Amino acid sequence: TMARAAMALGHEFLVVTDHSPRLTVAHGLNRDRLIAQLDEIDRLNEELAPFRILTGIEVDILGDGELDQDEDMLERLDLVVASVHSKMRMRSDEMTRRMFAAIASPHVDILGHCTGRQIVGTPRAPSTFDADMVFAACARFDTAVEINCRPERQDPPPELLDLALEWDCLISIDTDAHSPGHLEFLSYGADKAVDHGIAPERIINTWDADTLTDWASSK
């Protein structure tokens, strides 16, 4: 359903990044469910060609910086987003070390919603961390910084996005879509990129699918 909605919007590919297993409210992808999803994507790619569904996951960054999925499974995926979803009020130095460890993983391609804030609905204050250290790590390890398009997130806030750009980080504009209609959130992130003067070639999901997967696999 999501793939056909993306096709209707004129996209050439869609990356499926369901949540990892400890995010039980999202019925996360344990190993068996992830394997089943990979088989389903293989089948659908034959059916929907030349449109492509790329494999992926939004993996939780655990409290010690480890990733919430087996390494051999992460290695099989086209793209891995890593995000903090728990213990959001950690001390700044601890959160910095936690995020740095995930960013440095060769499996991680994108740092998702870096502050974890919510500004609409049930507000959630942003996590605190050494942003210079985190974005320096993203630049050093070639990990893209996500512009999260969801209206309630608008993450990162403008000053942190400017800092990521100062560190010469790559950018990924992500809808964080949980249903087909959410794919249209893309315009919010695109508008933000324009406001900050980000060149299209610096945004990884303006690349074609082969260029994107080659970049991710080279990390």
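## Sheet

The six-stranded sheet in this chain is open, pairs in parallel, and has the strand order S1-S2-S3-S4-S5-S6. Its edge strands, S1 (13-16) and S6 (171-174), each pair on one side only. Strands are DSSP runs of E with at least two residues, helices are DSSP runs of H or I with at least four, and both are numbered from the N terminus. Two strands count as paired if DSSP finds at least two bridges between them. Strands of a sheet pair through backbone hydrogen bonds, either parallel or antiparallel.

S1 and strand S2 (residues 52-60) run parallel and are joined by 4 bridges.

## Basis of the model

This is a predicted model, in which local features need pLDDT of at least 70 and side-chain atom pairs count only at pLDDT 80 or more, while totals for chains, interfaces and linings use all residues. Residues are numbered from 1 along each chain as its sequence is written, and side-chain values use heavy atoms, with hydrogens and water left out.

## Chain as a whole

The secondary structure comes to 8 helices and 6 strands. Along the sequence these follow the pattern α-β-α-β-α-β-α-β-α-β-α-β-α-α.

Taken along the principal axes, the C-alpha atoms fill a box of roughly 45 × 35 × 35 Å. Of the 219 residues, 51% are buried; buried means under 20% relative accessible area, exposed means over 50%, and partly exposed lies in between (1.4 Å probe, protein chains only).

Among contacts in the chain with a separation of 6 or more, 73% are between residues 24 or more positions apart. A contact means heavy atoms within 4.5 Å. The chain exposes about 10600 Å², and carbon and sulfur atoms supply 51% of that area. Accessible areas come from the Shrake-Rupley method with a 1.4 Å probe; for residues, only the protein chains shown count as cover.

Helix H2 (residues 31-48) lies across S1 and S2 and runs at about 160 degrees to S2. The axes behind this angle are lines fitted to C-alpha atoms, for helices over the stretch in contact, and angles run from 0 to 180 degrees between N-to-C directions.

Gln 37 lies in H2 and is buried, at 12% relative accessibility. Not counting residues up to four places away in sequence, Gln 37 touches Val 16, Asp 18, Leu 29 and Gly 56.

## Gly 112

Gly 112 is found in the loop between strand S4 (110-111) and helix H5 (131-140). Its relative accessible area is 1%, so Gly 112 is buried. Apart from residues up to four places away in sequence, Gly 112 touches Val 81, Ala 82, Ser 83 and Glu 146. Asn 205 is 93 residues from Gly 112 along the chain, and the C-alpha atoms of the two are separated by 14 Å.

Two cis peptide bonds can be described here. The bond from Ala 49 to Pro 50 is cis, with omega near 10 degrees, and Pro 50 is in the loop between H2 and S2. A cis bond also joins Asp 155 and Pro 156, with omega about 5 degrees; Pro 156 is in the loop between strand S5 (144-148) and helix H6 (158-166).

Asp 168 is not a glycine but has a positive phi of about 65 degrees. Asp 168 lies in the loop between H6 and S6 and is exposed, at 58% relative accessibility. Asp 176, also not a glycine, has a positive phi of about 55 degrees. Asp 176 lies in the loop between S6 and helix H7 (186-195) and counts as buried, at 14% relative accessibility.

## Cysteines

The structure holds 0 disulfides, a disulfide being a pair of cysteine sulfur atoms within 2.5 Å. For Cys 138 the closest cysteine sulfur is in Cys 169, and at 5.1 Å it is too far for a bond. For Cys 149 the closest is in Cys 114, at 14 Å, which is also too far for a bond. Cys 138 is buried at 1% relative accessibility, and Cys 149 is buried at 2%.
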